[in-house]
Amino acid sequence: MLHLIKRALYLTVRDFPIFNFPVLRKLRNRVYARMFSAKGINVDYRCRIQASHHVVGQFIRFGQNPHIGCNTLVDYTGTIVSGDRLTISDGASIFTHSHPLDKGVQDWRPEPVHYSKLMIGDDVWIAADAIILESVQKIGEGAVVAAGSVVTKDVPAGAIVVGNPARVMRMRAHFKSN
């Protein structure tokens, strides 16, 4: 019963714009912090954090002080573990599951899903409207995923990736000497 109350409160603070007012925004952040055990979380309007399919052992673990922008989708069907100071900008989507493609005509709904665990390092920035697909298992520390990029492969630490599919454009100066 308590879980249903927490879930209802989560859905309420997630979807109603009245929670953008400063006092109520603090309440929204507290609800997200409780729901996802995230210290210092800062969440904007309509941020959906959900497991799209049930998989035994799935979870999401945020590091300290994550910021998640409005209209984002974070799917943790396959589990997500992030480092500290993660920033997910407006409209970004993270998927940890996909559907099998090797069959002929099929109804996707009853089919089992493929999923993978995603590890995200400290100080990662996933910019606006970027998409992280299920095939990605690691985004390294200090990486930047540029706006509108579609990430299909792991991202090395300190890399700035751009495009569709995303490719390393350059390494951040701080990480070149490491």
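The questions and answers below concern a predicted model.

Q: Why is Leu-4 called exposed?
A: Leu-4 has a relative accessibility of 58%, and a residue counts as exposed over 50%, so Leu-4 falls in that class. This residue is found in helix α1, which covers residues 2–15.

Q: Which residues form the nonpolar patch on the surface?
A: The patch is formed by Met-1, Leu-2, Leu-4 and Ile-5, which together have about 510 Å² of accessible area.

Q: What makes a set of residues a nonpolar core, and how many residues has the largest one?
A: Such a core joins buried residues of the nonpolar kinds through side-chain atoms within 4.5 Å, and the largest one has 37 residues. Among those with the most contacts inside it are Tyr-32, Phe-36, Ile-126 and Ile-132. The elements that give two or more residues to this core are α1, α2 (22–36), β11 (118–120) and β17 (159–162), with the largest share, four residues, coming from α2.

Q: Which residues does Ile-126 touch, leaving aside those up to four places away in sequence?
A: Ile-126 touches several residues, including Leu-86, Ile-88, Ile-94, Ile-132, Ile-139 and Val-145.

Q: How do you know that β13 and β16 pair?
A: Pairing requires at least two bridges, and β13 (residues 131–132) and β16 share two bridges in the parallel sense, so the two strands count as paired. Within these strands, Ile-132 stands opposite Val-151 in β16.

Q: Why is one side of β2 and of β16 left without a neighbour in the sheet?
A: The open sheet runs in the order β2-β5-β8-β13-β16 with parallel pairing. Because β2 (48–50) and β16 (150–151) stand at the edges, each has a single partner strand.

How values were computed. Residues are numbered from 1 along each chain as its sequence is written. This is a predicted model: local features need pLDDT of at least 70, side-chain atom pairs count only at pLDDT 80 or more; totals for chains, interfaces and linings use all residues. Side-chain values use heavy atoms; hydrogens and water are left out. Patches are made of residues with over 30% relative accessible area and no salt bridge: like charges are joined within 9 Å, nonpolar side chains (Val, Leu, Ile, Met, Phe, Trp, Tyr) within 5 Å. Accessible areas come from the Shrake-Rupley method with a 1.4 Å probe; for residues, only the protein chains shown count as cover. A salt bridge is a side-chain nitrogen of Lys or Arg within 4 Å of a carboxyl oxygen of Asp or Glu. Buried means under 20% relative accessible area, exposed over 50%, partly exposed in between (1.4 Å probe, protein chains only). Contact means heavy atoms within 4.5 Å.
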